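Hello,

Here is the structure I said I would pass on. My notes follow below it.

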Amino acid sequence: MNYTLSENLIVNSSIRHTDAHWYVMAAYRYELKAEEFLTGHGFKTFLPKETTFIKKPHRHPVAVERPAVPSLIFIHTSREKLAEVKKYVNDRIKYLTTTVGGTQDFLIVPDTQMDAFIHIWNSRDSYNANLSSDLIPTGATVRIISGPMAGLTGIHLRHLKARPLTPGGSPVPHSRLSLRLANLLAITLDLPTLSLSPIS
């Protein structure tokens with residue numbers, strides 16, 4: 001399935017205006033602020049978070065809550081109210097969309113899947129749960145969907161050992177990606193696997 005980022009609402013979406021769903025949105029380095037603003041304005045949100053401990057010289061480690069998944073935030077609302085999301089957070093948040101059969105539409109998560117995900121994540125110590133996105137085969141063409149290189153495409157070379165995004169954070173799956181400059185050069189880089197989307 002192909003995921004892309006969109007600044008604008010999809011006018012001819014197949015999703016009914018008044019039905020509430022879990023929409024997937026991207027807020028690169030703005031996840032906590034987006035959650036604060038949207039929750040404060042009455043939106044139901046879910047942002048998977050983890051507690052990390054930051055060590056400072058001559059001080060005890062300080063517990064800090066950070067997003068567990070780069071960029072992604074889930075918002076439960078109707079398509080009718082979806083435009084208000086952008087009103088409160090401006091251009092700092094984008095819609096995640098998917099293309100199936102040549103038609104672009106919003107990416108939504110079924111309520112049953114989302115309820116299970118929230119329950120498991122909130123009880124992750126009991127389940128020994130970890131996030132994973134090892135669904136991309138070697139050699140697949142992928143699009144970067146979050147971060148400063150969002151929109152670029154490359155070749156997925158291989159999955160790498162999970163490692164923290166920040167000191168003291170939980171390990172996050174990474175992938176090695178090859179980006180080509182015309183047919184002259186190629187540069188390889190490592191990115192969180194969750195920031196990549198296969199292009200069908």
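A residue is called buried at under 20% relative accessible area, exposed at over 50%, and partly exposed in between, using a 1.4 Å probe and protein chains only. Helices (H or I, at least four residues) and strands (E, at least two) are DSSP runs, numbered from the N terminus.

This is a predicted model, in which local features need pLDDT of at least 70 and side-chain atom pairs count only at pLDDT 80 or more, while totals for chains, interfaces and linings use all residues. Residues are numbered from 1 along each chain as its sequence is written, and side-chain values use heavy atoms, with hydrogens and water left out.

The chain as a whole

The chain has four helices and 14 strands. Its radius of gyration, taken over C-alpha atoms, is 18 Å, close to the 16 Å from the globule rule for 200 residues (2.2 Å times the number of residues to the power 0.38), so the chain is as compact as a globular protein of that length. The C-alpha trace spans about 50 × 50 × 30 Å along its principal axes. Of the 200 residues, 41% are buried. Taking contact as heavy atoms within 4.5 Å, residues 24 or more positions apart account for 61% of the contacts with a separation of 6 or more.

Helix 2

Helix 2 covers residues 79-89, and R79, L82, V85, K86 and V89 are buried in it. Seen down the helix axis, these buried residues fall within an arc of 90° (from the directions of the axis to the C-beta atoms), so they line one face of helix 2. They pack against strand 2 (20-26), helix 1 (31-40), strand 6 (72-78), strand 7 (94-100) and strand 8 (103-106). E80 and K87, on the other side of helix 2, are exposed.

Two strands count as paired if DSSP finds at least two bridges between them. An open sheet of five strands has the order 13-12-11-10-14, with antiparallel pairing. Strand 13 (185-192) and strand 14 (196-198) are the edge strands, each pairing on one side only. Neighbouring strands in this sheet are turned by 35° against each other on average, direction ignored; the axes are lines fitted to C-alpha atoms, and angles run from 0 to 180 degrees between N-to-C directions. Within the sheet, strand 10 (residues 141-144) and strand 11 (residues 153-164) run antiparallel and are joined by three bridges. R143 stands opposite T153 of strand 11.

Regards
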